[in-house]
Amino acid sequence: ADGGYGFSASAAGFNAKVLKAVRALEAEARDDFVKVGGKYHGGGASPSGVAHAVEQHEAEEAARRADAGDIQCPFCYKWCNDDCCVGEDTIARGAEYQCEHCSSTFWSWISDRAGSMGHTVEYKDRWRE
């Protein structure tokens, strides 16, 4: 039986036609239709497309800055270069930094392998974490 608009009344028939239409749209490589993480969206200009592009850009920027040896302030989350380094901290477990954006003092820990995110405390207290 016809459920209207050319779709069958059964769920399986409806799903099959929707899947066929989505695959056809995907094959056309349209600007107004995009697949992101297994879900379909209204393209790069849609709110989800814009959010995905921003997330992707931020991830690429973070990787580039970390590879360059920059460190991220834990207070304002902006990146600082080596000019922010005040010097080795008082207990020789990393370095002390002063953010060039918010002027907050933060530290790196020598135990961090990546070393690209600063910490609000000078050292890690194992007994409290």
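Visitor: In the hairpin of β6 and β7, which residue takes a positive phi?

Guide: In this predicted model, the residue is Ser 103, with a phi near 65 degrees, and the hairpin has 6 residues between its strands. Ser 103 is a residue other than glycine with a positive value, and it lies in the loop between β6 and β7.

Visitor: Does the label for Ser 103 read buried, partly exposed or exposed, and why?

Guide: Ser 103 counts as partly exposed because its relative accessibility is 48%.

Visitor: How many bridges join the strands β6 and β7, and in which sense do they pair?

Guide: Strand β6 and strand β7, the latter covering residues 105-109, are joined by 5 bridges in the antiparallel sense. To follow the pairing residue by residue, one may look at Gln 98, which stands opposite Thr 105 in β7.

Visitor: Which strand pairs with β6 over 3 bridges?

Guide: That strand is β5, residues 85-88, and its pairing with β6, residues 94-98, is antiparallel. Here Gly 87 stands opposite Glu 96 in β6.

Visitor: How should the side chains of a strand be read?

Guide: In a regular strand, side chains alternate between the two faces of the sheet.

Visitor: Is Tyr 97 buried or exposed, and why?

Guide: Tyr 97 counts as buried, because its relative accessibility is 12% and the cut-off for buried is under 20%.

Visitor: Which residues does Tyr 97 touch, leaving aside those up to four places away in sequence?

Guide: Tyr 97 touches Ile 71, Cys 84, Cys 85, Val 86, Ser 104, Thr 105, Phe 106 and Ser 108. As for Ser 108, it stands 11 residues from Tyr 97 along the chain, and their C-alpha atoms are separated by 7.8 Å.

Visitor: How many aromatic pairs does the structure hold?

Guide: The structure holds 1 aromatic pair. The rings of Tyr 97 and Phe 106 have centres 5.4 Å apart and planes at 10 degrees, so this pair is stacked. The general idea is that a pair of aromatic rings is described by the distance of the centres and the angle of the planes. Both partners, Tyr 97 and Phe 106, are buried.

Visitor: Which residues make up the largest nonpolar core?

Guide: That core has 8 residues, and both Tyr 97 and Phe 106 are among them. Beyond four places in sequence, Cys 73 touches Lys 78, Cys 99, Cys 102, Phe 106 and Met 117.

Visitor: How many disulfides does the structure hold?

Guide: The structure holds 0 disulfides. To read this feature, one compares the distance between two cysteine sulfur atoms with the cut-off of 2.5 Å. The sulfur of Cys 102 has its closest cysteine sulfur in Cys 99, at 3.8 Å, and therefore lies too far for a bond. For Cys 85, the closest cysteine sulfur is in Cys 84, at 8.8 Å, which is also too far for a bond.

Visitor: How exposed are Cys 85 and Cys 102?

Guide: Cys 85 counts as partly exposed because its relative accessibility is 35%. Cys 102 has a relative accessibility of 31%, so it counts as partly exposed.

Visitor: Where is Tyr 77 placed, and what is its phi?

Guide: Tyr 77 is in the loop between β3 (71-72) and β4 (79-80). Its phi is positive, about 60 degrees, although Tyr 77 is not a glycine. With 52% relative accessibility, Tyr 77 counts as exposed.

Visitor: How may the span of helix α1 be checked?

Guide: One compares the expected span with the distance between the end C-alpha atoms. Helix α1, residues 11-27, has 17 residues and should span 24 Å at 1.5 Å a residue; its end C-alpha atoms are 24 Å apart, so the values agree. After α1 comes Ala 29, with a positive phi near 55 degrees.

Visitor: What does helix α2 show on that reading?

Guide: Helix α2, residues 47-67, has 21 residues and reaches 30 Å from its first C-alpha to its last, close to the 30 Å expected. Just after α2, Gly 69 has a positive phi of about 90 degrees.

Visitor: In what order do the elements of the protein chain run?

Guide: From the N terminus on, the order is α-β-β-α-β-β-β-β-β, with 2 helices and 7 strands in the chain. Of its 129 residues, 22% count as buried.

Definitions and conventions. Residues numbered from 1 in each chain as written. Predicted model: local features only at pLDDT ≥ 70, side-chain atom pairs only at ≥ 80, totals over all residues. Heavy atoms only, no water. Helix = DSSP H or I, 4+ residues; strand = E, 2+ residues; numbered from the N terminus. Expected span 1.5 Å × (residues − 1). Pairing = 2+ DSSP bridges. Phe/Tyr/Trp six-rings, centres within 6.5 Å; stacked < 30°, edge-to-face > 60°. Buried < 20%, exposed > 50% of the residue type's maximum accessible area, 1.4 Å probe, protein only. Core = buried A, V, L, I, M, F, W, Y, C linked by side-chain atoms within 4.5 Å. Contact = heavy atoms within 4.5 Å.
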